[in-house]
Amino acid sequence: MKIFEKAFRVMHELELHGYEAYLVGGAVRDYLIGKSVGDLDIATSAKPEQVMKVFDKVIPVGIEHGTVLVRYEKESFEITTFRTEGTYSDYRHPDRVEFVTDITADLARRDYTVNAIAMNRNGEMVDPFSGKEAIQKQQLTTVGNAYDRFEEDPLRMMRGVRFVSQLGYQLDQEAREVMESRRSWLNRIAIERVAIELEKLCRGDHAKKAVRLLSQAKLWEALPVFKKHPALIDKLEQRMQPLGGLSEWIALCAIYSGVSVQDWVKDWKLSNSVKQEAQALFDIMQSDLAAWTVYQLPSHLDAGYSRLMAIYKDKDVQADVERIRAQLPIHQRADLAVSGGDFVSWFPDRKKGSWIRELFEAAEKAVVENRIPNDKERLKEWVLHGYNA
């Protein structure tokens, strides 16, 4: 319980002022499972303005929904007032939030029973929906009626698949049936929110099981690109292994689907950094493993490339990549012993143009491939007498 000590002190402060306080959500779930615990979220009977009077440093991050961020002993704790919720017209935020004083009423609004357990600072659990039993059975069950939970926020369907990937649990039959029959509800959700869940799904230890659920519940039919390429989900179901994130996922899907990385990124509204990384991975996956290809791949993608090659070609390339990178004579263009100014001075009669960039790349490649040492004089001789443009 040591990891909770500071959170318990925050809860104690609230209790000293006459309020109830509990740890809730993923932290409690992961503690009961025996997994490492992430963010520590606190639910309290105190209203936001009352919380702001208890603590000195409070940021009203979502005060309209009862949430504030408390800075306490150099750490941040999200504290939310016990609440019930109305309908979700935008399928994301409740139209109406009503603050309550009962932790059980608060837990009733949550998505899955494993996430609907609260713990007080003595380690005692409040578990009105048998979340502990679900953990023991390794089962993922919605709080209350699955139809209602998914209609409120259809993203909960993707969250369920993500939890399957992270926990390895079995989604219960009712939730699975509602997912399949109401999969089109996912189209109501901003694709950026779906992508966040997909990112976490990719990284889960049980990613293959999660992809199988995407296939069986036919959720892929509501996902961009997938719905136009039905063979893709079958391929992923056969080959999927845990990945490092969306860049690897997009590179793999681009390989299997024949749809360009650029189109994947556009349809999923992903960032330029994801596009650049996915493209770099996609390119090297289709190239021979050699000094030049490893040199062109940013070193932080080495592990991702190794994961993808294990899936795509059943090859363990990690040791080869490490060996090749360690033996590279240079690691970036700035390491080259010549500069653009050198090229210009060596060809005083040539007008500046794209030839300088082309010569740079040719010299860079020759050095990387050990066809010539990274020495200025040797490079000059090669450029003047041995290089054919």
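**Exercise 1.** In this predicted model, find which residues W249 touches, not counting residues up to four places away in sequence.

*Solution.* Step 1: exclude the residues up to four places away from W249 in sequence. Step 2: list what remains, namely L198, C202, V211, F226, L236, M240 and L243.

**Exercise 2.** Determine how helices α10 and α11 are oriented to each other.

*Solution.* Step 1: take the angle between α10 (residues 207-216) and α11 (residues 230-239), about 155 degrees, with the axes 8 Å apart. Step 2: apply the cut-off; angles over 145 degrees count as roughly antiparallel. α10 and α11 are therefore roughly antiparallel to each other. Step 3: assign the hand of the crossing, which is left-handed. Step 4: list the contact residues: K208, V211, R212, L214 and S215 of α10, and I233, D234, L236, E237 and Q238 of α11. Step 5: sort them by type, giving four nonpolar, two polar and four charged.

**Exercise 3.** Decide whether D302 is buried or exposed.

*Solution.* Step 1: locate D302 in helix α16 (residues 302-312). Step 2: compare its relative accessibility, 15%, with the cut-off for buried, under 20%. D302 therefore counts as buried. Step 3: leaving aside neighbours within four places in sequence, list the contacts of D302: L297, V321 and R325.

Conventions. Residues numbered from 1 in each chain as written. Predicted model: local features only at pLDDT ≥ 70, side-chain atom pairs only at ≥ 80, totals over all residues. Heavy atoms only, no water. Contact = heavy atoms within 4.5 Å. Axes fitted to C-alpha atoms, helices over the stretch in contact; angles between N-to-C directions. Helix = DSSP H or I, 4+ residues; strand = E, 2+ residues; numbered from the N terminus. Parallel < 35°, antiparallel > 145°, perpendicular 65-115°, else oblique. Left-handed = near helix turned anticlockwise from the far one by under 90°. Nonpolar A, V, L, I, M, F, W, Y, C, P; charged D, E, K, R; others polar. Buried < 20%, exposed > 50% of the residue type's maximum accessible area, 1.4 Å probe, protein only.
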